[in-house]
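Here is a short briefing on one protein model. Look at the sequence and the structure, then read the points below.

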Amino acid sequence: MTYQELLVQNVDQKNKIASLENQLQQLYKLIGGFKSESFITQAVVDQLSLFAEETSETAEETPQQTITYTRDKKKHQGRNALPEHLPVREVIIEPEEDTTGLKKIGEEISETLEYTPASLVKRRTIRPKYAKPQGDGVLIAALPTRPIDKAIVEACLLAHILVSKYVDHLPFYRQIQMFKRDFGWEPAQSTVSDWMASCCQLLEPLYNTLKQKILASHYIQADESPIKVLDSDKTCAEPSRSKGKAHQGYQWVYHDPVQKLVLFNYRKGRGQNGPRELLAHYNGYLQCDGYTVYDKIGTDPDITLAGCLVHARRKFHDALDSDKKRAQTALEIFRKMYLEERAIKEEEAPNDFTQRKLLRDQKIKPLLVQIKTWIEQEQFNVLPKSPIGKAMTYFVNQYPKLEAIFEDGRIELDNNLIENAIRPMAIGRKNYLFCGSHDAAQNAAMLYSFFGSCKMQNINPREWLQDTLQKIPDHSIQKLEELLPGYQENTNL
């Protein structure tokens, strides 16, 4: 073997070792618990070291100075005030002694909180029947429209069951156990599942309206998340990525940050067919991470891809353990970018997208160029397969999409908002583990879409769903948009 071949082999081995060491470090982080991506600057580190123990030699060399000062003692604000809208139950406690002839001079009032458990109430609808004169028939009032005809469940109970599962992450079987324990009522799980399917069938036109409204916005964020689905057609002989009859499906999520609307769309796979079909007539910006499927979708001339700074930053954070100095250099610049963005959004241009674009071009875009210039200088001094090398390569490959962020003031610096929208589903699947079928997975996508939109707009999802289920059976199909979460607010944008 020649010297040149030995040199190449040595470099390959170094790359492999660096890659394996990085994987081991990431595994240690996962085993240890929550993976924080916070970055503490050197200035903060120095400040924290103020309380570290000093050596005796340092203590002797440092001059001592006594500093005295006065400080106004702040009055403790006390506990938070109880909400004014809560109902009040007054309890008057008279002294045990006889108060006859005594004059009341005041009273001491203490407010505490008590809890009244939820209740099931039988709604008995009584419709008197009247005989018309001369045998012309019987007069009786019509039954009011209900979400599920001939079912015993009202809109308020349906809203409670669905919100409990998809917002509070309580599977149906747990809810049934609670109904049995607290009220002595035990509906069949198949019945509750049928109620859910009927609600989704009723809400499907509204879901399609939500889809059309998001796709008409010209700026959306996209991401995908896995979900297990039972597939009766799948056998154990199929690919090993599925366990038994559990199929690995995906919820593709699309978020409109301006109108604060979310769309979940279930697909059986993670390939390009699903998003390409949904975005077939879309025209505008699509903000995403570096997944190759989005690059294929971005070949459509009507779609402009925008990148995500958080994903680019995350690579440098993962490289902290292996190349601290270089990783800190990049993370410090990212920190400055987000500080500037916060000031622009909160103080300088909170609602003016045109002004926001101008300020970003002046204050943030030069920092993005600074990272790129620094990488061009350092890239050949690191191993390509090392964590810092991978971080630099990812940034350079994503740079055209990162530049696109600054073309429009509406575009966020990252995809964090859509990741927040996905998080409830990630928590929920740890509780109910899988969906019973592909249709059930799409029904879940429908409900996650509505509840995610409610969350984005600080709308109570139970109140919204109850109101919508009561209205939608008699609502005009041409005016379904009026039932979407936050319709009044979005019409004012």
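**Cysteines and the sheet**

The count of disulfides comes to 0, where a disulfide is a pair of cysteine sulfur atoms within 2.5 Å. This is a predicted model, in which local features need pLDDT of at least 70 and side-chain atom pairs count only at pLDDT 80 or more, while totals for chains, interfaces and linings use all residues. Residues are numbered from 1 along each chain as its sequence is written, and side-chain values use heavy atoms, with hydrogens and water left out.

**Cysteines**

- A disulfide is a covalent bond between the sulfur atoms of two cysteines.
- The closest cysteine sulfur to that of C200 belongs to C199, and at 6.8 Å it is too far for a bond.
- C200 is buried, with a relative accessible area of 1% (buried means under 20%, using a 1.4 Å probe and protein chains only).
- C435 also counts as buried, at 6% relative accessibility.

**The sheet**

- An open sheet of mixed pairing is formed by 5 strands in the order β5-β4-β3-β6-β7 (strands are DSSP runs of E, at least two residues, numbered from the N terminus; two strands pair if DSSP finds at least two bridges between them).
- β5 (261–267) and β7 (303–306) are at the edges with a single partner strand each, so one side of each has no neighbour in the sheet.
- Strands β6 (residues 284–287) and β7 run parallel and are joined by 4 bridges.
- Q287 has A306 in β7 as its bridge partner.

**Helix on the sheet**

- Helix α13 (residues 387–404) lies across β6 and β7 (helices are DSSP runs of H or I, at least four residues).
- The direction of α13 is at about 105° to β7 (axes are lines fitted to C-alpha atoms, for helices over the stretch in contact, meaning heavy atoms within 4.5 Å; angles run from 0 to 180 degrees between N-to-C directions).

Notes:
Buried < 20%, exposed > 50% of the residue type's maximum accessible area, 1.4 Å probe, protein only.
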